[in-house]
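Here are my notes on this one, as numbered points. Have the structure open while you go through them.

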Amino acid sequence: MAAPPAASLVPRVSLPPRLRPTAASPLGPSVHGPRSRRRYLRLRRSPLSPVVTAAASSPSVPSSSPEIGSSIGDALGDVEIYSAASGEPVPFRDLWDQNEGVAVVALLRHFGCPCCWELASVLRDTKEKFDSAGVKLIAVGVGTPAKARILAERLPFPLEYLYADPDRKAYNLLGLYFGVGRTFFNPASAKVFSRFDSLKEAVKNYTMEATPDDRAGVLQQGGMFVFKGKELLYARKDEGTGDHAPLDDVLNICCKVPVT
């Protein structure tokens with residue numbers, strides 16, 4: 001089956017009626033004359049949407065990223081996220097043994113992202129390998145616990161390994177990419193076409209209801225991290241939407257680390 005054109009992966013944006021182009025002018029009615037000029041100026045002063053404002057105020061490239069062996073585990077341990085199962089807050093340090101435990105921390109984009117449904121399905125299908133190696137799987141997404149439960153029920157995905165980070169605190173701490181360019185126009189996103197069959201299977205029960213109510217969250221990119229205790233063993237940031245870490249790389253790191 002032929003892959004859909006790239007344009008079909010970019011959501012359509014509807015302009016307000018006053019901004020829709022007409023034959024007379026790209027801004028609608030002619031902007032010639034004092035009255036029309038005042039109207040044009042009012043349009044130009046209109047506030048930007050929350051998503052555009054967030055994108056404009058957030059760098060597309062983070063100022064810093066965690067390094068292998070760094071003490072980022074200490075800082076991450078204090079970050080609270082929410083259990084999809086209970087809706088209760090839980091700090092990262094309580095999710096795995098902070099001395100010798102090995103954990104794969106997969107930060108998805110948002111719960112309404114089709115590519116993240118695909119990644120979650122791959123992690124779910126690989127969980128047996130993680131379990132046999134004594135590795136804890138932790139999947140985190142942008143949105144509320146209620147949005148996380150939509151993904152968990154419809155994909156499905158085990159609730160006990162799914163967490164919500166509505167304020168993107170972990171994403172910010174780990175320096176993950178954010179912005180319109182990274183989300184819609186990064187060349188790395190083309191990799192998703194090579195996984196079209198996997199994506200199609202993962203979204204059979206997909207619904208946009210899992211998308212965060214805070215639409216700025218859809219501009220967040222994810223990443224993959226492996227920890228042993230507080231020590232960071234592996235870190236990879238998604239360059240664009242659908243640019244996920246190679247699973248073989250993750251398995252080679254986490255499943256060859258001696259677990260006590």
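**Notes on the core and its helices**

1. Start with the largest nonpolar core, which has 38 residues; Val 104, Phe 157, Leu 162 and Met 224 touch the most other members. A nonpolar core here is a set of buried Ala, Val, Leu, Ile, Met, Phe, Trp, Tyr and Cys residues joined through side-chain atoms within 4.5 Å. Buried means under 20% relative accessible area, exposed means over 50%, and partly exposed is in between (1.4 Å probe, protein chains only). At least two residues of this core come from each of S3, H4, S4, helix H5 (145-154), strand S5 (162-164), helix H8 (196-202), S6 and H9. H4 gives the largest share, seven residues. There is also a second, separate core of 22 residues, with Leu 107, Val 140, Phe 225 and Leu 232 among them.

2. Before going on, the ground rules: this is a predicted model, where local features need pLDDT of at least 70 and side-chain atom pairs count only at pLDDT 80 or more, while totals for chains, interfaces and linings use all residues. Residues are numbered from 1 along each chain as its sequence is written, and side-chain values use heavy atoms, with hydrogens and water left out.

3. For the overall picture, the protein chain has nine helices and seven strands. These are DSSP runs numbered from the N terminus (helices: H or I, at least four residues; strands: E, at least two). Of its 260 residues, 45% are buried. Take the contacts (heavy atoms within 4.5 Å) between residues at least 6 apart in sequence: 74% of them join residues at least 24 apart.

4. Which residues of helix H9 (residues 247-254) are buried? They are Val 250, Leu 251 and Cys 254. Their arc around the axis is only 95 degrees, so they sit on the same side of H9; the arc is that of the directions from the helix axis to the C-beta atoms. The cover over them includes strand S3 (102-110), helix H4 (114-132), strand S4 (135-142), strand S6 (223-228) and strand S7 (231-237).

5. Now the H4 and H9 pair. Their axes come within 12 Å and cross at roughly 25 degrees. Axes are lines fitted to C-alpha atoms, for helices over the stretch in contact, and angles run from 0 to 180 degrees between N-to-C directions. H4 and H9 are therefore roughly parallel to each other (angles under 35 degrees count as such). On the H4 side, Val 122, Leu 123, Thr 126, Lys 129 and Phe 130 meet Leu 247, Leu 251 and Cys 254 in H9.

6. Ser 121 is also in H4. It counts as buried because its relative accessibility is 7%. Beyond its neighbours within four places in sequence, Ser 121 is in contact with Leu 155 and Ala 202.

7. In H5, the buried residues are Pro 145, Lys 147, Ala 148, Ile 150, Leu 151 and Ala 152, and they pack against strand S1 (80-83), H4 and S5. Arg 149, also in H5, is partly exposed at 28% relative accessible area. Setting aside neighbours within four places in sequence, Arg 149 is in contact with Ala 84, Ala 85, Gly 87 and Leu 159. The C-alpha atoms of Arg 149 and Gly 87 are separated by 9.6 Å, with the two residues 62 apart along the chain.

8. Back to Leu 162: with neighbours within four places left aside, its contacts include Tyr 82, Phe 111, Ala 139, Ala 148, Leu 151 and Phe 157.

How values were computed
Angles under 35 degrees count as roughly parallel, over 145 as roughly antiparallel, 65 to 115 as roughly perpendicular and the rest as oblique.
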